[in-house]
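Me: Hi! I have a structure open and would like to talk through it with you. Can you take a look?
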Amino acid sequence: SSPVISTATTDGSDNAGISLAGGGTDGYTRGSYIEVYGNEHATQAGNVRLLTGVGGEINMFTGSNERMRIDTDGNVGIGTTSPSSKLEILQIAGTITDNIATLNVTNQDFSSNEGQSALFVGGGNRADTNNFEVKDASLNTDFIIMGDGNVGIGTTSPNDILHLSSLGNPKIRVEDTTSNKYVQMGHGDNY
């Protein structure tokens, strides 16, 4: 469908812009405004700019529910109207089902498995669901911090504060690279 509001330009001369302002003229001292630019604009080619007035915030809603906010300090809140850090994501208690990610960071070019998760922060209030996990391209968990604080490397169910697991001859190495000296513990024929 055709846009309701547009500039009367043709391809090659799309150098105009449209500004919708909440104040008397566009400019942050008079209120919020939106700017939309054509592809050939000299300084804002193809850009859409959303600007707030002095002390204003950007709030995004679905229906009557606020979903995201950018406050006057530049903090972004998802699920909260008062973010206290650069990115704060809040899931209301009691609404997270087991093993549903509150935050799932996806890499769109992760080896041959395009779009697979690289980082998972779980939700819930049980030790086995409120997890922080780092996964490989095949979605195998390489590192996990459980909701109860136990850390697992090579295992998804750590039984102690630190639980390391490996096939074959597992070993732990602590090395001083300055002196090239190390202490190593392990299990196998040479230990």
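Me: Let's start with β6. Which residue stands opposite V76 there?
Reply: That's I70. Keep in mind as we go that this is a predicted model.
Me: Noted. How many bridges join β5 to β6, and do they run parallel or antiparallel?
Reply: Three bridges join them, and the two strands run antiparallel. Strand β5 covers residues 65–70 and strand β6 covers residues 76–78.
Me: And what sheet do they sit in?
Reply: They belong to an open sheet of four strands, ordered β4-β5-β6-β7, where the pairing is mixed. Its edge strands are β4 (58–62) and β7 (87–89), each of which pairs on one side only. On average, neighbouring strands in this sheet are turned by 20 degrees against each other, ignoring direction.
Me: Remind me, what do strands of a sheet pair through?
Reply: Backbone hydrogen bonds, and the pairing can be either parallel or antiparallel.
Me: OK, charges next. How many salt bridges does the count come to?
Reply: Four. One of them is between R69 and E57, with the closest N and O atoms 2.5 Å apart. R69 lies in strand β5 while E57 is in the loop between β3 and β4, so this pair ties together parts that are twelve residues apart in sequence.
Me: Which other residue does the side chain of R69 meet in a salt bridge?
Reply: E66, at 2.7 Å from N to O. Put together, E57, E66 and R69 are linked in a network of salt bridges.
Me: Is R69 buried or exposed?
Reply: R69 is buried, because its relative accessible area is 14% and the cut-off for buried is under 20%. Its two partners come out as partly exposed: E57 has a relative accessible area of 31%, and E66 has 23%.
Me: Nice. What about E35, where does that one lie?
Reply: E35 is in strand β2, which spans residues 33–37. With a relative accessibility of 8%, E35 counts as buried.
Me: What does E35 form a salt bridge with?
Reply: With R49, where the closest N and O atoms are 3.2 Å apart. The pair links distant parts of the chain, since E35 sits in strand β2 and R49 in strand β3, 14 residues apart. R49 counts as partly exposed, at 30% relative accessibility.
Me: Which side chain does E35 make a polar contact with?
Reply: The side chain of Y37, at 2.7 Å.
Me: So how are β2 and β3 joined?
Reply: By four bridges, with the strands running antiparallel. V36 stands opposite V48 in β3.
Me: Which strands make up that sheet, and in what order?
Reply: It's an open sheet of three strands, in the order β1-β2-β3, with antiparallel pairing. The edges are β1 (17–21) and β3 (48–51), and each pairs on one side only. Neighbouring strands here are turned by 10 degrees against each other on average, again with direction ignored.
Me: Switching topic: which residues form the nonpolar patch on the surface?
Reply: The patch consists of I153, I161, L162, L164, I172, V174, V183 and M185, and together they have about 780 Å² of accessible area.
Me: Which strands each supply at least two residues of it?
Reply: β13 (162–164), β14 (171–176) and β15 (181–186).
Me: And where does I161 lie?
Reply: I161 is in the loop between β12 (151–153) and β13. With a relative accessible area of 68%, I161 is exposed.
Me: Last one: how do β14 and β15 pair?
Reply: In the antiparallel sense, over six bridges. R173 stands opposite Q184 in β15. The two strands form a hairpin with four residues between them, and N180 in the turn has a positive phi of about 60 degrees.

Technical notes: Residues are numbered from 1 along each chain as its sequence is written. This is a predicted model: local features need pLDDT of at least 70, side-chain atom pairs count only at pLDDT 80 or more; totals for chains, interfaces and linings use all residues. Side-chain values use heavy atoms; hydrogens and water are left out. Patches are made of residues with over 30% relative accessible area and no salt bridge: like charges are joined within 9 Å, nonpolar side chains (Val, Leu, Ile, Met, Phe, Trp, Tyr) within 5 Å. Accessible areas come from the Shrake-Rupley method with a 1.4 Å probe; for residues, only the protein chains shown count as cover. Buried means under 20% relative accessible area, exposed over 50%, partly exposed in between (1.4 Å probe, protein chains only). A polar contact is a pair of N or O atoms within 3.5 Å; within protein, one must be able to donate a hydrogen and the other to accept it, and residues adjacent in sequence count only if both atoms are side-chain atoms. Two strands pair if DSSP finds at least two bridges between them. Axes are lines fitted to C-alpha atoms, for helices over the stretch in contact, and angles run from 0 to 180 degrees between N-to-C directions.
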